[in-house]
Amino acid sequence: MSLEKMETLEVRVRGLVELVQELKQANGSLQERLNLVQEELSRQEVLAREWEEERVTLKSRIEGVLEQLDSLETSETGLQEAVHD
């Protein structure tokens, strides 16, 4: 192998080594970002579950109040009919 070909090969190998190093750094950065995004997603999922539980609780309480109002209305209607009879 000629000296010129050897030098060309060395340059190309150095370039590949640099590229691999850059790719490793980029991969590390992307892995860090992925970890942060996964942590944020986990926090958002917890919040979503809490909000859903709160929504279900509020719905149940509102339904209870509405049932009480219906009960009052039914009682009032019955009393009015009894008074008119």
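User: Let's start with Glu-40: is its side chain buried or exposed, or partly exposed?
Analyst: Glu-40 counts as partly exposed, because its relative accessibility is 33%. Buried means under 20% relative accessible area and exposed means over 50%, with partly exposed in between (1.4 Å probe, protein chains only). Before we go on, this is a predicted model: local features need pLDDT of at least 70, side-chain atom pairs count only at pLDDT 80 or more, and totals for chains, interfaces and linings use all residues. Residues are numbered from 1 along each chain as its sequence is written, and side-chain values use heavy atoms, leaving out hydrogens and water.

User: Okay. Which residue does Glu-40 form a salt bridge with?
Analyst: Glu-40 pairs with Arg-43, and their closest N and O atoms are 2.7 Å apart. A salt bridge here is a side-chain nitrogen of Lys or Arg within 4 Å of a carboxyl oxygen of Asp or Glu. Both residues lie in helix H1, three residues apart, which is about one turn of the helix. Arg-43 is partly exposed as well, at 46% relative accessibility.

User: How many salt bridges are there in the whole structure?
Analyst: Three. Another one joins Glu-10 and Arg-14, at 3.7 Å from N to O. Glu-10 and Arg-14 are four residues apart in helix H1, so about one helical turn separates them. There is also one between Arg-55 and Glu-52, at 2.8 Å from N to O.

User: How far along helix H1 are Arg-55 and Glu-52 from each other?
Analyst: They are three residues apart, so about one helical turn lies between them. Arg-55 is partly exposed at 45% relative accessibility, and Glu-52 is partly exposed at 38%.

User: What percentage of the residues count as buried?
Analyst: 0% of the 85 residues. The accessible surface of the chain is about 8,200 Å², and 57% of that belongs to carbon and sulfur atoms. Accessible areas come from the Shrake-Rupley method with a 1.4 Å probe; for residues, only the protein chains shown count as cover.

User: New topic! Which residues form the nonpolar patch on the surface?
Analyst: Leu-58, Ile-62, Val-65, Leu-66, Leu-69 and Leu-72, with about 570 Å² of accessible area together. Patches are made of residues with over 30% relative accessible area and no salt bridge: like charges are joined within 9 Å, and nonpolar side chains (Val, Leu, Ile, Met, Phe, Trp, Tyr) within 5 Å. Val-65 sits in helix H1 and is partly exposed, with a relative accessible area of 45%.

User: Which residues gather in the patch of negative charge?
Analyst: Glu-63, Glu-67, Asp-70, Glu-73 and Glu-76. Lys and Arg count as positive and Asp and Glu as negative, while His and the chain ends are not counted. Glu-73 counts as exposed, because its relative accessibility is 54%.

Conventions
Charge placed at Lys NZ, Arg CZ, Asp CG, Glu CD. Helix = DSSP H or I, 4+ residues; strand = E, 2+ residues; numbered from the N terminus.
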